[in-house]
Amino acid sequence: MPEITYVEAIRSALREEMRRDERVFIIGEDIGRYGGAFGVTTGMLDEFGDKRIIETPISEPSIIGAAVGAAVVGMRPIAEIMFMDFTLLTLDQIGNQAAKMHYMFGGKATVPMVIRMPGGSGTGAAAQHSQSLETLLMHLPGLKVVTPSTPYDAKGLLLTAIRDLNPVCFIEHKLLYKTKGEVPEGEYTIPFGVADIKRDGTDLTIVSNGIMVRKALAVAERLAQEGINVEIIDPRTLVPLDSETIINSVIKTGKLLVIHEACETAGWAGEIMAVISSSRAFDYLDAPMRRLTGKNVPIPYNRVLERAAVPQEEDIEREIRAIVKGAY
Amino acid sequence: MPVPVIMPKVDMDQEKATIISWEKNEGDEVQYDETILTVETEKVAIDVTAPAAGTLVGILYKAGDVVPVATEIAYILKPGETLPNTPTVQTQASTTTQDPASVATKSPTPSAVQASPLALRVAEELHIPIQDVPTKHQKISKEDVEVYAASLKSPEQNSIVSTDKIAATPAARRISREIGIPLSSVSGTGPSDRIQAGDVLRVEKPSPAPSIDRQAEIVPLVGMRAKIANKMQASFQDAPHIAETIEVDVSRLESLKARLNDVAASNGKGKVSLTAIIVKLVAWALERHPYINTSLIDENIYLWNEVNIGVATALENGLIVPVVHGANRLSFTETAEKINDLSQRARQGRLELTEVQRGTFTISNLGMYGINQFRAIINPPEDAILAVGTVTRKPIVIDDKDTIAVRPMMSLTLSADHRVIDGVVAAKFLSDLASVIEHPELLLE
């Protein structure tokens, strides 16, 4: 199986689906000649032309508004928001229109659109270009929220997202774009609501998404040499959430750590803990559930502070050791 | 305007001060800035000076009192002024020569009790009647209240609180339940000695019998058996049981039974059992003794208007108490029919929920097994239960000439909740019941 980058995996999903289905088009800022802020659509203007790679002025509400309208009349738009921070400009289009139409029109309308949005810190882009806002989107009924952590997941989930009949928020972590992984050539899809156990373990269940899955895996491999066996679960889609896999894992390990880059307050770690404490896994908990998350601060521009604002491998290692040792 | 004298705050962390002595007395003329009393904080003694010139009145605290800072402790009046009739100083307005000790008795205090305002406040916070607090001094102090409050907490209460609060993880609790090791016997190794799953698993399960080689069929305490176990345990623990026994001559009851059965037979009805007759007679007696037909629920005694008599009925592996509702309004035959129907369906497990609810009294009859006499445990929330023994023919003295005759005798034992039912109340009930059993014509009264 060829190894390709996360960017290439996303591009191959976009390209294959646009070749297969002529209703699919991409709309966003700088996605044509420039190839997108992170190079995802590089070369696609040449292949598909400016009717299907549509560049817009700097107006996120028009991108989403146009996509919603096109989706309702039968197209399959893929909207690119250059930084997910700008999603905040479009919350009415996303939350009140895209997410609600299928429901409010009694199922007569569908809104088959994908909103791709690069999120996360680590690029020195400061507080307005570095946020992880997945919790915000999870809270709006009618939206699906996807946060792939590997090239393989990115491609399979993006194909499922494009073919889904209602809006999907597809969150790509900026630091993952250059990471590599094995991805099969040709078409495959990954169903929503199916978590992936990225690593089997017995001592502690870690639930994590995006870049944090990668960091947790690196720490887990190191700790395995000391006999600490961590299980890492990537829900892959936060909405819909595969609770069963997480519950079964906690029943096995008795301990839970949720890691996300998004801020702690009202972050989705709390949601996972609530799922566990009200499930049959409660009676198997042998330590307080813990979360390791981004701090409740705007992401700083200063590199040192930016690192300190979100969980790093050393933080994850310290937290795993403390939980396994029974320090809490 | 009267100028209040205020207990000063001289240290940042000072909350109160003790009055050492009054340099001036009620009614004295004082100059501005003249020392009127000395108080002591935990660190220093200080003089409190007059905030104005005038007459010192309304002294609220005496030497030795501990007073919170910023509290008004007295007032200074200009000539012609009087104290306003506020609750705190109501008694001083008219006279300025009162004894300071009695002045300190503020309005909420029962008049006979002397207590410092602080003691009053603390007592109120602890919901303790101030008049219950003992003191060795002239006045009840805050310390007196606290000592008394501590004495009210019995050691049992304290231990219940502490065993309730065993720190254990959910997994440890589950394993403790599953393998039957009480958490109280496990020492935790987690943070703050929290019990974790491993701690429970490490405890060796105590063998239930001296030798683990002994064979036994093990029946888990579940379902009806568990329910009975819990109910009996709770009843015996919560209700202080008293038991009183009376022996009755059932000659006339037996002939009544024979006659009722003749009638029933000729009407094609079922047999009238001794239990049915006793239910009917007990209902009659309960109507005359309302305190036996009661339930103690929370802080109230419910004297039930209805007489609903439960009849303990043995099942193959347990017991159920179907209830004859409105037993005081049924005839002998109706009572008998009702009991026959209930007990038959009880054994088939086909009773409705309502047919085992709302009982106000229970009868348990073990006479058919030859049991002479026994004490039953009250069926909560009822307050009494009647245990009926077997009918034995025995020689008894039947008159005041010491004539001995053989008579069918039966013993009745009433167990009663002594919190509600006094010994004499139980005795009067039993005595009336015995009368109606020996003289069933009393029913016609």
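## Exercises on a predicted two-chain model

P240(A) lies in the loop between β12 (237–239) and α9 (243–253) of chain A. The structure is a predicted model, and the exercises below read its features one at a time.

**Exercise 1. Find which residue is joined to P240(A) by a cis peptide bond, and which two residues of chain B are joined by a cis peptide bond.**

Step 1. In chain A, the cis bond joins V239(A) and P240(A), with omega at about -5°.

Step 2. In chain B, a cis peptide bond links P380(B) to P381(B), and omega is about 5°.

**Exercise 2. Decide whether A266(A) and R358(B) are exposed or partly exposed.**

Step 1. Locate A266(A): it belongs to the loop between β13 (256–263) and α10 (268–277) of chain A. Its phi is near 60°, a positive value in a residue other than glycine.

Step 2. Count neighbours. A266(A) has 13 C-beta neighbours inside 10 Å, so it counts as partly exposed.

Step 3. Locate R358(B): it is in the loop between α10 and β16 of chain B. Phi of R358(B) is near 65°, again positive in a residue other than glycine.

Step 4. Count again. R358(B) has 12 C-beta neighbours inside 10 Å and therefore counts as exposed, since the limit for exposed is 12 or fewer.

**Exercise 3. Work out how α3(A) and α4(A) are oriented to each other.**

Step 1. Take the axes of helix α3 (residues 60–72) and helix α4 (residues 91–98) of chain A: they come within 8 Å and cross at roughly 25°.

Step 2. Angles under 35 degrees count as roughly parallel, so α3(A) and α4(A) are roughly parallel to each other.

Step 3. List the residues that meet. From α3(A) these are P61(A), I64(A), G65(A) and V68(A), and from α4(A) they are Q93(A), I94(A), Q97(A) and A98(A).

Step 4. Sort the contact by class: it has 5 nonpolar, 3 polar and no charged residues.

**Exercise 4. Identify which residues touch the most other members of the largest nonpolar core.**

Step 1. This core has 108 residues, and those touching the most other members are I115(A), C169(A), F170(A), A216(A) and I320(A).

Step 2. Ask which element gives the core its largest share: helix α8 (residues 211–224) of chain A, with 8 residues.

Step 3. Look at one member. Leaving out residues up to four places away in sequence, F170(A) touches V114(A), I115(A), R116(A), M117(A), V146(A), L158(A) and A161(A).

Step 4. Another core, of 50 residues, lies apart from the largest one; among its members are L260(B), A276(B), I277(B) and I363(B).

Step 5. For background, nonpolar side chains tend to be buried together in soluble globular proteins.

**Exercise 5. Describe chain B and the side of chain B that touches chain A.**

Step 1. Chain B has 11 helices and 18 strands. Buried residues account for 30% of its 445 residues.

Step 2. Among contacts in chain B between residues at least 6 apart in sequence, 58% join residues at least 24 apart.

Step 3. Across the two chains, 9 residues of chain B are in contact with 10 residues of chain A. On the chain B side, helix α5 (residues 170–179) supplies the largest share, 4 residues.

Step 4. By class, that side of chain B divides into 5 nonpolar, 3 polar and 1 charged.

Definitions and conventions. Residues are numbered from 1 along each chain as its sequence is written. Chains are lettered from A and ligands numbered from 1 in the order in which they are written. This is a predicted model: local features need pLDDT of at least 70, side-chain atom pairs count only at pLDDT 80 or more; totals for chains, interfaces and linings use all residues. Two residues are in contact if their C-beta atoms, placed from the backbone, lie within 7 Å. Helices (H or I, at least four residues) and strands (E, at least two) are DSSP runs, numbered from the N terminus. Ala, Val, Leu, Ile, Met, Phe, Trp, Tyr, Cys and Pro count as nonpolar, Asp, Glu, Lys and Arg as charged, and the others, Gly among them, as polar. A residue is buried if 20 or more other C-beta atoms lie within 10 Å of its own, exposed if 12 or fewer, and partly exposed in between; C-beta atoms are placed from the backbone. Axes are lines fitted to C-alpha atoms, for helices over the stretch in contact, and angles run from 0 to 180 degrees between N-to-C directions. Angles under 35 degrees count as roughly parallel, over 145 as roughly antiparallel, 65 to 115 as roughly perpendicular and the rest as oblique. A nonpolar core is a set of buried Ala, Val, Leu, Ile, Met, Phe, Trp, Tyr and Cys residues joined through C-beta atoms within 7 Å.
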